[in-house]
Amino acid sequence: MRLIISNSSQEPIYEQISKQIKNLIIRGELSEGEALPSIRGLAQELQISVITTKRAYEELEREGFIETVPGKGSFVSSQNKELLKEKRIKMIEEKMGEIVAEGKSLGVSLEELEEMLKLLYEEEV
Amino acid sequence: MSNILEIRNLRKQYDKFSLKDISFSLERGYIMGFIGPNGAGKSTTIKLIMNLIKRDSGEIKVFGLDNIKNEKEIKEKIGFVYDENYFYEHLSILEMKRIIAPFYKHWDDGTFKKYIKDFNLPPSRKIKDLSKGMKMKFSLALALSHRAELIIMDEPTSGLDPVFRIEMLEILQSLIQDERVSVFFSTHITTDLEKIADYITFINDGSIVFSRPKDDILESFALIKGGKELLDKDTRKEFLAIKENSFGFEALTDNTDRIKKIFKNEVIIERPTLEDIMVYTVRGEIKCLDSY
Amino acid sequence: MLRLILKDILIQKKTLLTAFIYGFFAIYVFGVKYYTNGGFVAGAVAIGYLFITYAVSYDDKNNCHIALNSLPVKRIEVVLAKYLSVVLFGCIGIFTMIIDGFLAELFGFAMPKNYVAINNVLMVFGVLLVMYSIYYPLYFRFGAVKMNIVNVFLFMTIIVLPKALGEFILNHENNPLIKEVLNFIRNSPKSVIQILSFAAVALISLISIGTSTRIYKSKDF
């Protein structure tokens, strides 16, 4: 399991953690039923506050990615692959929504946005 | 969840300084940093918790018990580390340990020996011949060797080199792996807390400015940077404190959304450090009082 | 509390050697020269004084009260321990003088009869308790450093007082009050005088303990 925390990022640390774990689950690197490090253990390893890791886990739990069994720890919950994909697509949709809003506020046309997207899509392999 | 430390409406009046009605609490299993400038009341608060000075009014509960009525019981489970050496200087580390150990029912000599070894402390050296860092390590070893559940420290990291400061933070974090243990420590070196503290209590001029989870604090405040032309009588009011130089301004806010609405893209919004928040708040208040 | 008393010894193991040597000095000055058993009392009291003075000055030197009162102890225990260690240091003084006296005899010095009499032993405790009943409340209020001069003065007074008092009484034997007191002492059985002295010392000690406790309890460190 790989987790990299950036202290200089604008993104709050709990979000960095939950996002990275989410991606690990979606990509199948963390499989169903697998145990996650304990909240306190993870905080110690990453040298961050217990509250931060707790919040990350709570978020993952709320979104149904993990389950916490009191006294035993947290585990990757059984995932519906289709549902997972849907979730990811929804995330993309949300981000696109932001792009559209930003584009509109700057007066960028749909064609221009499409062009930009096309360029980026082809660029990134 | 149970509070390991609870302070309510605590007051202490001195001639030139007073602790004004302070309240905050700390949950079991967490680390709380107690920050504030020198003379803000950090040591006074800690001394009141330890019943080294008498409170004028208010309530202090440790492990749910009154800190004066149940003084002995409570201190059995408190590990203390102070900013200065209050042990017998002419004694060696071992001699001092032999005096302290019998006071605690749950003294664990194995743990003490382990820390002495880990910290590279020479057991037969006299306390007066130890460096400041070594004295601190010795204090810490004593504080951690009787199965204390609340570790109270007054400026433990001041005067320590960064390497040991990090080592100490690691020790504190390993302590709270046991969910029964909490750590309460005062410091003016906020970078130590930026990493591991779960809660931050900020005291200034004898009053608590805030006592909240560190993440909340760092998220709710923002550092705003922009050109001076943006500042006028009205916009100035939007900030908690402003620092100006000849090229622009930097200011602290706790309402980022509102600032975004007013200044749109004309300002840079950054995440502040605890030090930023502390410095701006202290200066801001002083400015209001017109005494600086 | 026993730990607090033990602490008072552990912080000054070296004083034991000083006491041992001082004992001979006391025997020589008070005992051999004047051939009285005052050497025993004076020596034991002085040794007690030595230990107590060191104990309080070490306590105050690094403000060890802060460390002590952060341990699981109550302030009243700190105070009581100080009074009990007076008794303990009195014992150490007495034992040192007994050993030193024994050794002095072994080396051929003529020791006074009744060198170690029960009266002398009681006298040591009585003198130390009265002395420190005066000293401790002031010490707990003002600290060891400010009390240094008072301490020396007190010690000298205790040493000089009996002789001065004796002379004073001899010179004023006709004073009606003194006459009355002397008559009472002469006519009462020894046991009554002993009980009365004992009660007086106990009363003084108790009042002093009460005062010290009140002062120390309200102290801010």
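Helices α8 (176–187) and α9 (190–217) of chain C each supply at least two residues of a nonpolar patch. Helices here are DSSP runs (H or I, at least four residues), numbered from the N terminus. This is a predicted model, where local features need pLDDT of at least 70, side-chain atom pairs count only at pLDDT 80 or more, and totals for chains, interfaces and linings use all residues. Residues are numbered from 1 along each chain as its sequence is written, chains are lettered from A in the order in which they are written, and side-chain values use heavy atoms, without hydrogens and water.

**The patch on chain C**
- Helix α8(C) gives the most to the patch, with four residues.
- Val181(C) lies in helix α8 of chain C.
- The patch covers about 530 Å². Its residues are Leu177(C), Val181(C), Phe184(C), Ile185(C), Val192(C) and Leu196(C).
- Patch residues have over 30% relative accessible area and no salt bridge, and nonpolar side chains (Val, Leu, Ile, Met, Phe, Trp, Tyr) are joined within 5 Å.
- Accessible areas come from the Shrake-Rupley method with a 1.4 Å probe; for residues, only the protein chains shown count as cover.

**Where chains A and B meet**
- The contact (heavy atoms within 4.5 Å) takes 18 residues from chain A and 22 residues from chain B.
- Chains A and B bury about 1,700 Å² between them, 39% of it on carbon and sulfur atoms. Buried area is the accessible area (1.4 Å probe) lost on being put together, summed over both parts.
- Arg40(A), Gln47(A) and Ile51(A) supply 42% of the area that chain A buries against chain B.

**Charged pairs**
- Two salt bridges link chain A and chain B.
- Asp216(B) forms a salt bridge with Arg55(A), with the closest N and O atoms 3.9 Å apart.
- A salt bridge needs a side-chain nitrogen of Lys or Arg within 4 Å of a carboxyl oxygen of Asp or Glu.

Definitions and conventions
Buried area is the accessible area (1.4 Å probe) that two parts lose on being put together, summed over both. Patches are made of residues with over 30% relative accessible area and no salt bridge: like charges are joined within 9 Å, nonpolar side chains (Val, Leu, Ile, Met, Phe, Trp, Tyr) within 5 Å.
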